[in-house]
Amino acid sequence: MIQTKDIKSVYFIGAGGIGMSALVRYFLAKGYNVGGYDKTPSELTNKLIEEGARIHYIEDVEAIDECFKDKASTLVVYTPAIPSDHKELVYFSNNGFDVQKRAQVLGFLTQSHKGLCVAGTHGKTTTSTMLAHLLHQSHVGCNAFLGGISKNYGTNYILSNSDYVVIEADEFDRSFHWLHPYMTAITATDPDHLDIYGTKEAYLESFRKYTTLIQPEGALVIHKELEMQADVQEGVKVYEYSRTEGDFHAENIRIGGGEIFFDFVHPDGVVKDIQLGVPVSINIDNGIAAMALAMLNGVTEEELRNGMKSFSGVDRRFDFKVKNNKMVFLSDYAHHPNEIEQSVKSIRELYQDKRIAAIFQPHLYTRTRDFYKDFASALSLLDVVYLCDIYPARELPIEGVTSKLIYDNLRNGMEKHLIHKEDVLDVAKKHDFDVLISLGAGDIEDFVPQITKTLLEIE
C-alpha cells in the first residue's frame, strides 16, 4: 500500500495521458513535488506545466530532476501504455523505487474514500463525468478522477473535502481489478482489448471478477442487457437499469426540437421532466446510470433535475463544434463498433433526413483486425464515410491490416473514400454534407480546431 505520509515527490511516466493527468493534478493540489515524462507536448501537458508540474519530453534518465531521485521520498506512477523497456521506468524499477501503476494509486484512493466507479466498454467517461457533476453541484459533493475533460469545469479532476471519489474504472490491462468500489455502475461489456484478453469469455470474466471487489454494504448498478454474470459479496445490493426496464429506467421520453426530456423511474417513485443538457439519445442510458448512483448516495430529486439540465458534456464526447442553419459539426471519441453505432443512431435521431458524413480514424491494428466487419456495419449507417489510416498508438503494424479492410466491407452503393488525415481539411472545404462527425480516439482530434475554423468560414 502507498504510504503517502512518507512521500514528498511524485513522478509520472506518461504524465500527459487523460487519466494520468488527473492524478498529476491531485498530487499538485496536495502540495507534492510533481514531475514526469510524456512522449509529446500537448495542450494538456502545457496546462499541467502551468499548474506546477515539471514535465519533459525526452526519454532520458539525465532529464529527471534531482528531487525525484530520492527513492525514500518518491512515488513513481506509470500507465500500462508505457513499454516495459522505457529507460526511465527501467531506472526506477532497478533502483528500488516505489513504482505503481496508475490503477494501483486509484485503488488506494477507493480504500480511503467511498469510491463511486463507472466501468464498461463504452459510456463510462460520459457517465462518470455526469455523476461527478450531479454530486458536485449537490449538497453531497465529491472528488473525481475522470477519463475526459468536463466541459462544466474545464478539467478531468475535482478536489473537495467530500468522502466520495468518482473514478472511471478502466478495463484495459485489467486495471480496474485494483479498485475497491463502494458502489459501481457497469454500462456495457461488448468485447474489446482482445490483444490483452484474447477471447470474449476472458473479457467477460474480467468484469465478473470486478464485481467481486465491490465493498459489502455497497451497490452494483448494472445495465439489464449485459452478457455477463455478476458475482457480488454478501451485503452488496444489485440494481438493474436500462432505457425502458429495470429498477431504474426512463418513461415518457420526448425527443424533438433538439431537446430530450424524460421521467426518471426509481425504486421509490418517479422524478418527472428530466432534461438532458447534452440532448443525444445515448445520454438517456448514461443519465439513468449516473442518477441511480447519485440518488443512492443522497442527491435529492431537485438536485438531479438541476444537475442533468446543467450538464455540459465532455470534450470529444458528442462535442458540438458548429451548429447553425447551414451545417452541424461534432467531434466524438467513439472508437469501438458499438460506440460508433450508438453515436450515428443518436445523430440520426436528432437530424432526420439530413446528409450525414463521418471522418473515421481507426484506433489500433489489433482492434481493426478483430472488428473490421463490425466497424463497416456501424459506419454503413452513414451517408458518406471518409476513412483515415489506422492510428497505431502503442502497436506496431500488422501485415495486411489497414483501413481498406473496413472500406471493402462497407455497404454496397454508399459513398466512401480512403484518405490520409492530412486530407480532412479538404473534406471540410468540400462541404458535401449537412452533418459531419469526426470519429476516433487517435490524433484526428488535433485537426478538429482547423475543421471548425474552415466550416465557420463557409458562406
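This is a predicted model: local features need pLDDT of at least 70, side-chain atom pairs count only at pLDDT 80 or more; totals for chains, interfaces and linings use all residues.
Tutor: Helix 10 (residues 337-350) and helix 11 (residues 365-379) pack at an angle of about 0 degrees, and their axes are 8 Å apart. Helices here are DSSP runs of H or I with at least four residues, strands are runs of E with at least two, and both are numbered from the N terminus. The axes are lines fitted to C-alpha atoms, for helices over the stretch in contact, with angles from 0 to 180 degrees between N-to-C directions.

Student: Why are helix 10 and helix 11 called roughly parallel?

Tutor: Angles under 35 degrees count as roughly parallel, over 145 as roughly antiparallel, 65 to 115 as roughly perpendicular and the rest as oblique. The angle here is about 0 degrees, so helix 10 and helix 11 are roughly parallel to each other.

Student: Which residues make the contact?

Tutor: Contact means heavy atoms within 4.5 Å. Helix 10 contributes Pro 337, Ile 340 and Glu 341, while helix 11 brings Phe 371, Asp 374, Phe 375, Ala 378 and Leu 379.

Student: How many residues of each class does that contact have?

Tutor: It has six nonpolar, no polar and two charged residues. Ala, Val, Leu, Ile, Met, Phe, Trp, Tyr, Cys and Pro count as nonpolar, Asp, Glu, Lys and Arg as charged, and the others, Gly among them, as polar.

Student: Is Asp 353 buried or exposed?

Tutor: Buried means under 20% relative accessible area, exposed over 50%, and partly exposed in between, with a 1.4 Å probe and protein chains only. Asp 353 has 80%, so this residue is exposed. You will find Asp 353 in the loop between helix 10 and strand 18 (356-360), with a positive phi of about 65 degrees although it is not a glycine.

Student: And what makes Leu 364 count as buried?

Tutor: Its relative accessibility is 1%, so Leu 364 counts as buried. Leu 364 sits in the loop between strand 18 and helix 11, and its phi is positive too, about 85 degrees, although it is not a glycine.

Student: How do you know that the radius of gyration agrees with a compact globule?

Tutor: The radius is taken over C-alpha atoms, and the globule rule is 2.2 Å times the number of residues to the power 0.38. With 459 residues the rule gives a value near 23 Å, and the protein chain has 22 Å, so the two agree.

Key: Residues are numbered from 1 along each chain as its sequence is written. Side-chain values use heavy atoms; hydrogens and water are left out.
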